[in-house]
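Here is a short report on helix packing and charge pairing. Look over the sequence and the model before reading on.

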Amino acid sequence: MKTTKFLSIALMALVFGATSYAQKTVMVGGAAMYPSKNIVENAVNSKDHTTLVTAVTAAGLVETLQSKGPFTVFAPTNAAFDKLPAGTVETLLKPENLKALQTILTYHVVAGKMNASDIAKAIKAGKGKATLKTVSGGTLIAMMQGKDLIITDENGGMSKVTIADVNQFNGVIHVVDTVVLPKQ
């Protein structure tokens, strides 16, 4: 009886433990993003996300994004930050703008893990649009334009998901080409 119980527990651990490792490793910014690592552990290796990592560090959000989560992160690339007006990033990184930086960064995060298929189901259920509540308290609208997943912010700004389903131990990252901004 003890042996049977032990084998049952071992089998369950193997099956459930293997599911996080069965997810595929995706390349982002020239680096492998491992499903066994957390969002921060992976993001720091992407050469396309150095601005985001700097901003997350300055905002004091590293610990949060290393926590259990799960989180869905729409992660802007360096090129996305470069689209902002000149001096915007530098201004946001100043200590006196901490609250604004935190608000913008948490506007890119949705509580829970939503893979592209989950977002597609929500879009279908919403008859073409899905409203996503962000950690900052704002909303993002997800919709499809042809085969592209588009995220629209509260100001009408649009961002395209360029790499979907970068699975992490504590959630999923979707790489986006534009910084989305909450209503001011």
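## What covers helix H7

The buried residues of helix H7 have cover that includes helix H3 (50-58), helix H6 (88-92) and strand E4 (109-111). This is a predicted model. H7 itself spans residues 98-106. Its buried residues are Leu101, Ile104, Leu105 and Thr106.

## How H3 packs on H7

Two packed helices are described by the angle between their axes and the distance between the axes. For H3 and H7, the angle is about 125 degrees. Their axes lie 9 Å apart. H3 is therefore oblique to H7. The crossing of the two helices is left-handed.

From H3, the residues in this contact are Leu52, Ala55, Val56 and Ala58. They meet Leu98, Leu101 and Leu105 of H7. By class, the H3 contact with H7 has seven nonpolar residues, no polar residues and no charged ones. Two of the H7 residues named here, Leu101 and Leu105, are also on the list of buried residues in H7.

## The salt bridge

Side chains of opposite charge can pair when their charged atoms come close. How many salt bridges does the count come to? The count is one salt bridge. Asp48 forms a salt bridge with Lys47. The closest N and O atoms of this pair are 4.0 Å apart.

Are the two partners buried or exposed? Asp48 is partly exposed, at 31% relative accessible area. Lys47 counts as exposed, because its relative accessibility is 57% and the cut-off for exposed is over 50%.

Technical notes
Residues are numbered from 1 along each chain as its sequence is written. This is a predicted model: local features need pLDDT of at least 70, side-chain atom pairs count only at pLDDT 80 or more; totals for chains, interfaces and linings use all residues. Side-chain values use heavy atoms; hydrogens and water are left out. A salt bridge is a side-chain nitrogen of Lys or Arg within 4 Å of a carboxyl oxygen of Asp or Glu. Buried means under 20% relative accessible area, exposed over 50%, partly exposed in between (1.4 Å probe, protein chains only). Helices (H or I, at least four residues) and strands (E, at least two) are DSSP runs, numbered from the N terminus. Contact means heavy atoms within 4.5 Å. Axes are lines fitted to C-alpha atoms, for helices over the stretch in contact, and angles run from 0 to 180 degrees between N-to-C directions. Angles under 35 degrees count as roughly parallel, over 145 as roughly antiparallel, 65 to 115 as roughly perpendicular and the rest as oblique. A crossing is left-handed if the near helix is turned anticlockwise from the far one by less than a right angle, and right-handed if clockwise. Ala, Val, Leu, Ile, Met, Phe, Trp, Tyr, Cys and Pro count as nonpolar, Asp, Glu, Lys and Arg as charged, and the others, Gly among them, as polar.
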